[in-house]
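Please work through each task before reading its solution.

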Amino acid sequence: MIKIQEVDKDYYKFKLSFKGKLIENSVDAYDVANTIIATSNILQEIAEIKLGKETSDKLKINIHAFKKGSLDTDFLINALDTAVASAPALLPVATNIFATGKNILSTFKTYLEIKKALKGEQPTEIKALSNNKFELKVNGDGNNVNFILNAQDLRVLQSKTIEKNTEKAVQSLTKPDSLIEEIDYSPDEIAPVKITK
């Protein structure tokens, strides 16, 4: 159910959670730091692709401190107050930062879904459609999925730095001695993304 009042927020929020067989609800500091930094880098590059460098540089990505008894932290995407006053190009984004943040997270979610469907392989076909849209086909191992993307989402999918940062963000899931078994992104008004070992 969409909460109408949230559309007026001047920020967009999502939760990042680490789950697994944790000792006293603790986890390796480097694993958490790498995931947070890599996630921030991914979001910043997606914003740059979707909004342009000048506007994306005015977005701010913050985190809340971890809460006692959990390995959850909230990310907040907002616009710098001084930037809003000095950059007319940012005003449309700042007035609807909730929608902007939701769009960035939706793109990241689509990126993760496509990477999961590809299972390390290349797409079977990428076909240009009308209105700057593309159809990406994934076939193999009983896995037949089609995705409709816009040109910006296709650029995100092709980005080598986003790919490297995604690998860093989930690196703790591939380490044999890691106690982390799942990393969850839980955005406002978007279905959660769960990445497991």
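**Exercise 1.** Determine which element gives the largest share of the lining of the largest pocket.

*Solution.* Step one: the largest share, six residues, comes from H5. The model is predicted: local features need pLDDT of at least 70 and side-chain atom pairs count only at pLDDT 80 or more, whereas totals for chains, interfaces and linings use all residues. Residues are numbered from 1 along each chain as its sequence is written, and side-chain values use heavy atoms, with hydrogens and water left out.

Step two: the largest pocket holds about 490 Å³ of space. A pocket is an open set of points on a 1 Å grid over the protein atoms alone, where a 1.4 Å probe fits, with protein on both sides within 12 Å along at least five of seven lines; lining residues have an atom within 4 Å of a point. A volume is the space filled by probe spheres set on the points, which are joined across faces, edges and corners.

Step three: 17 residues line this pocket, and Leu112, Lys115, Lys116, Val170 and Ile195 are the closest to its centre. Two or more lining residues come from each of helix H5 (97–118), helix H7 (160–169), helix H8 (171–174) and strand E8 (193–196).

**Exercise 2.** Find how the axes of H1 and H5 cross, and which residues meet.

*Solution.* Step one: the axes of helix H1 (residues 29–51) and H5 come within 10 Å and cross at roughly 110 degrees. Axes are lines fitted to C-alpha atoms, for helices over the stretch in contact, and angles run from 0 to 180 degrees between N-to-C directions.

Step two: H1 and H5 are therefore roughly perpendicular to each other, a term for angles of 65 to 115 degrees.

Step three: Ile42, Leu43, Ile46, Ala47, Lys50 and Leu51 in H1 meet Thr100, Asn103, Ile104, Leu105, Thr107 and Phe108 in H5, where contact means heavy atoms within 4.5 Å.

**Exercise 3.** In what order do the five strands of the open sheet lie?

*Solution.* Step one: the order is E2-E3-E1-E7-E8, with antiparallel pairing; two strands pair if DSSP finds at least two bridges between them.

Step two: strand E2 (59–63) and E8 are the edge strands, each pairing on one side only.

Step three: strand E1 (residues 11–20) is joined to strand E7 (residues 180–187) by seven bridges. Leucine 16 has tyrosine 185 in E7 as its bridge partner.

Terms used: Helix = DSSP H or I, 4+ residues; strand = E, 2+ residues; numbered from the N terminus. Parallel < 35°, antiparallel > 145°, perpendicular 65-115°, else oblique.
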